[in-house]
Amino acid sequence: MRRLNVNLQGMIDTHIHPGPDIVPRLLDDIEVARQARLEEMEAIVIKSHVEPTASRARIASKVTGLKVIGGVTLNETIGSLNPSAVEASAELGGRFVWMLTISREKVNLSNVGEVLDVIAEHDLVLATGHLRPYEILELIDLARSTGIQRILVNHPLTGVVGASLEEQREMSRHAILEHCLVACFHEQLPLGRIIEAIEYVGYRKCIIATDLGQEHNPPPVDGLKWFIVSLIQGGLKEKHINWMCSSAPKRLIF
């Protein structure tokens, strides 16, 4: 991937997987934050499937001067739907709570209520992880009844989620949809499908992010630049891209 002259000033990548991790990662927390700061980005969100990232984010923020935001993914390694883990993450400054990803098939979602209560109490971002569309729609209803205001649907077009356009429109009534570049690399998702989904739902209900950090993929800042250029070439307006990379994530997080 060639380097592109794209201005990332003020933008936020809501989905990055840096190291340390149990699988190879291209960059660690501090390296990815330094690259983002050089681009004058507003913030980045770091995610792990196996451990909380709130403490890691605090250290990376202190070292680099960039806003680095962490959270916790509710997989088996932290006790799955564990309200105590969510509480601890919040106390450490974590802003995101991702629902199950790599442990999705092993956990019953019926006891999610206590977790939602903690998310509501701390005004955290509830992200849907790798849930299936019917589960996401049910979770959104439960979250709203609990008082949760910040809801993010992760990569709805990927194979692990597989939401139709109509399902995405229904989700967007009370949530933001996060479209991630990595699906174009790992699943050969045509960029046109992402553009179609954004136009179908409306750009104001969408965020674009990278979901990068894998050793075999480009650095997140380079990926985000390529994503932006490709979406504009595909017909999206630059001002709409700026909303999805800056205004929408700022409203969601802060």
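Is K106 buried or exposed? In this predicted model, K106 is exposed, its relative accessible area being 60%. The legends below take up the pairing of this residue and then other local features.

**Figure 1. Salt bridge between K106 and E76.** The view shows the side chains of K106 and E76, which meet in a salt bridge with an N to O distance of 3.6 Å. The pair links distant parts of the chain, 30 residues apart: K106 lies in the loop between β5 (96-98) and α4 (113-122), and E76 lies in the loop between β4 (71-73) and α3 (83-91). K106 is exposed at 60% relative accessible area, whereas E76 counts as partly exposed, with a relative accessibility of 43%. In total, the structure holds nine salt bridges.

**Figure 2. Network of salt bridges formed by D29, E51 and R56.** Side chains of opposite charge can pair when their charged atoms come close. Here R56 meets D29 in a salt bridge of 2.8 Å, N to O. R56 belongs to helix α2 (residues 54-64) and D29 to helix α1 (residues 29-38), so this pair ties together parts that are 27 residues apart in sequence. The side chain of R56 also meets that of E51 in a salt bridge, at 2.7 Å from N to O. Both R56 and D29 are buried; for R56 the relative accessible area is 12%. E51, in contrast, is partly exposed, with a relative accessible area of 30%.

Figure 3. The buried residues of α1 are D29, V32, A33 and A36.

Figure 4. Within helix α8 (residues 191-201), the residues L191, I194, I195, A197, I198 and V201 are buried.

Figure 5. When its neighbours within four places in sequence are left aside, L139 is in contact with M99, V112, L116, L126, T128 and L131. V32, one of the buried residues of α1, lies 107 residues from L139 in sequence and 32 Å from L139 in space, C-alpha to C-alpha.

**Figure 6. The largest pocket and its lining.** The volume of the largest pocket is about 260 Å³. Its lining consists of 15 residues, of which H130, V182, H186, D211 and Q214 lie nearest the centre of the pocket. Helix α7 (residues 182-186) supplies the largest share of this lining, three residues. Sorted by class, the lining has eight polar, four charged and three nonpolar residues.

**Figure 7. Backbone geometry at P20, E40 and Q188.** A cis peptide bond joins G19 and P20, with omega about 5°. P20 is placed in the loop between β1 and α1. E40 is not a glycine, yet it has a positive phi of about 60°. This residue lies in the loop between α1 and β2 and counts as partly exposed, at 47% relative accessibility. Q188, although not a glycine, has a positive phi of about 55°. The loop that holds Q188 is the one between α7 and α8, and Q188 counts as exposed, with a relative accessibility of 58%.

Technical notes. Residues numbered from 1 in each chain as written. Predicted model: local features only at pLDDT ≥ 70, side-chain atom pairs only at ≥ 80, totals over all residues. Heavy atoms only, no water. Salt bridge = Lys/Arg side-chain N within 4 Å of Asp/Glu carboxyl O. Helix = DSSP H or I, 4+ residues; strand = E, 2+ residues; numbered from the N terminus. Buried < 20%, exposed > 50% of the residue type's maximum accessible area, 1.4 Å probe, protein only. 1 Å grid on protein atoms, 1.4 Å probe; cavity = no way out; pocket = protein on both sides within 12 Å on 5 of 7 lines; lining within 4 Å. Points joined across faces, edges and corners; volume = space filled by probe spheres on them. Nonpolar A, V, L, I, M, F, W, Y, C, P; charged D, E, K, R; others polar. Contact = heavy atoms within 4.5 Å.
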